[in-house]
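Q: I have a structure open and want to learn how to read it. Can we go feature by feature?

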Amino acid sequence: MSQQPAKHQMSVQAKINVALLCVLFVVMSASLMFSANNEKKLVLGVVEQQTKDAADSYFDSINTMMLTGTMAQRNVLRDKILARPGVTDARIIRTEAITSVYGAGYDHQAPADELDRRALAGEAVVEISKNQDGRLLTVINPIRAEKDYRGTNCLMCHQVPDNSVVGAVRISYSLAALDSQVERNLW
């Protein structure tokens, strides 16, 4: 057996302290990662619901404009929505059934991509993508012509079968500011 000088050996207390520090570091790291993941999910859930609500509100306002004969001013509403912090896109997309009766509308009312086409086929779309500025949440809700859509009979003006998709509401929201705020909070 070799005997090392006492000054190079760790005491039992020091070994226990090092082991406890390692365990503490692992537990704290796991806890931080778990908390960060949960905070990101919470923020995303809140923003997703907020964006869905904004899309519903946008269409309700458009619906009111249809009923009051002020559709010529619909870009004022769109501009107000686009002026909200984080909103990067806000559009009402028309189907062929609407375009054939009321005209093509503005360029931004035509389907622009596969997400728009999926929504016009009746699918509610919620998608997160990445661009040069960060993550982008896009919500697209199909608009259906119904006999009683929140008190309005859509079929009086839109000559389509009940529950037909006549358009979609699209709102895209940049998550960049929220993502950086979450990162700052975590640090």
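Q: What should I know about the model before starting?
A: This is a predicted model, where local features need pLDDT of at least 70, side-chain atom pairs count only at pLDDT 80 or more, and totals for chains, interfaces and linings use all residues. Residues are numbered from 1 along each chain as its sequence is written, and side-chain values use heavy atoms, with hydrogens and water left out.

Q: How do I read helix packing, and at what angle do helix 1 and helix 2 pack?
A: Start with the elements. Helices (H or I, at least four residues) and strands (E, at least two) are DSSP runs, numbered from the N terminus. Axes are lines fitted to C-alpha atoms, for helices over the stretch in contact, and angles run from 0 to 180 degrees between N-to-C directions. Here, helix 1 spans residues 12–68 and helix 2 spans residues 74–82. Their axes are 10 Å apart, at an angle of about 165°. That makes the two helices, helix 1 and helix 2, roughly antiparallel. The cut-offs: under 35 degrees is roughly parallel, over 145 roughly antiparallel, 65 to 115 roughly perpendicular, and the rest oblique.

Q: Which hand does the crossing of helix 1 and helix 2 have?
A: A crossing is left-handed if the near helix is turned anticlockwise from the far one by less than a right angle, and right-handed if clockwise. The crossing of helix 1 and helix 2 is right-handed.

Q: Which residues in helix 1 and helix 2 meet?
A: Contact means heavy atoms within 4.5 Å. From helix 1 come Tyr58, Ser61, Ile62 and Met65; from helix 2, Arg74, Leu77, Arg78 and Ile81. Sorted by class, this contact of helix 1 with helix 2 has five nonpolar, one polar and two charged residues. For the classes, Ala, Val, Leu, Ile, Met, Phe, Trp, Tyr, Cys and Pro count as nonpolar, Asp, Glu, Lys and Arg as charged, and the others, Gly among them, as polar.

Q: How do helix 1 and helix 5 cross?
A: Helix 5 covers residues 176–186. The axes of helix 1 and helix 5 come within 11 Å and cross at roughly 150°. Helix 1 and helix 5 are therefore roughly antiparallel. Their crossing is right-handed. In helix 1, Leu32, Ala36, Glu39, Lys40, Val43 and Val47 meet Leu178, Val182, Glu183, Asn185 and Leu186 in helix 5. That contact of helix 1 with helix 5 has seven nonpolar, one polar and three charged residues.

Q: How do I read a core, and how many residues has the largest nonpolar core?
A: In soluble globular proteins, nonpolar side chains tend to be buried together. A nonpolar core is a set of buried Ala, Val, Leu, Ile, Met, Phe, Trp, Tyr and Cys residues joined through side-chain atoms within 4.5 Å. The largest one has 29 residues, and those with the most contacts inside it are Tyr58, Ile62, Ile81, Val169 and Ile171. Helix 1, helix 2, strand 1 (87–94), strand 3 (134–145) and strand 4 (164–174) each supply at least two residues of this core. Helix 1 gives the most, with nine residues. A second, separate core of seven residues includes Ile93, Leu115, Ala119 and Val125.

Q: Is Tyr58 buried or exposed?
A: Buried means under 20% relative accessible area, exposed over 50%, partly exposed in between (1.4 Å probe, protein chains only). Tyr58 counts as buried, at 3% relative accessibility. Beyond four places in sequence, its contacts include Leu77, Ile81, Val169 and Ile171. Tyr58 and Ile81 are 23 residues apart in sequence and 7.8 Å apart in space, C-alpha to C-alpha.

Q: Is Arg78 buried or exposed?
A: Arg78 is buried, with a relative accessible area of 13%. Setting aside neighbours within four places in sequence, Arg78 is in contact with Tyr58, Asp89, Ala90, Arg91 and His108.

Q: How do I read phi, and what is the phi of Arg150?
A: Most residues other than glycine have a negative phi. Arg150 is not a glycine, yet has a positive phi of about 50°. Arg150 lies in the loop between strand 3 and strand 4 and is exposed, with a relative accessible area of 54%. Asn163 is in the loop between strand 3 and strand 4, with a positive phi near 75°. Asn163 is partly exposed, at 39% relative accessible area.
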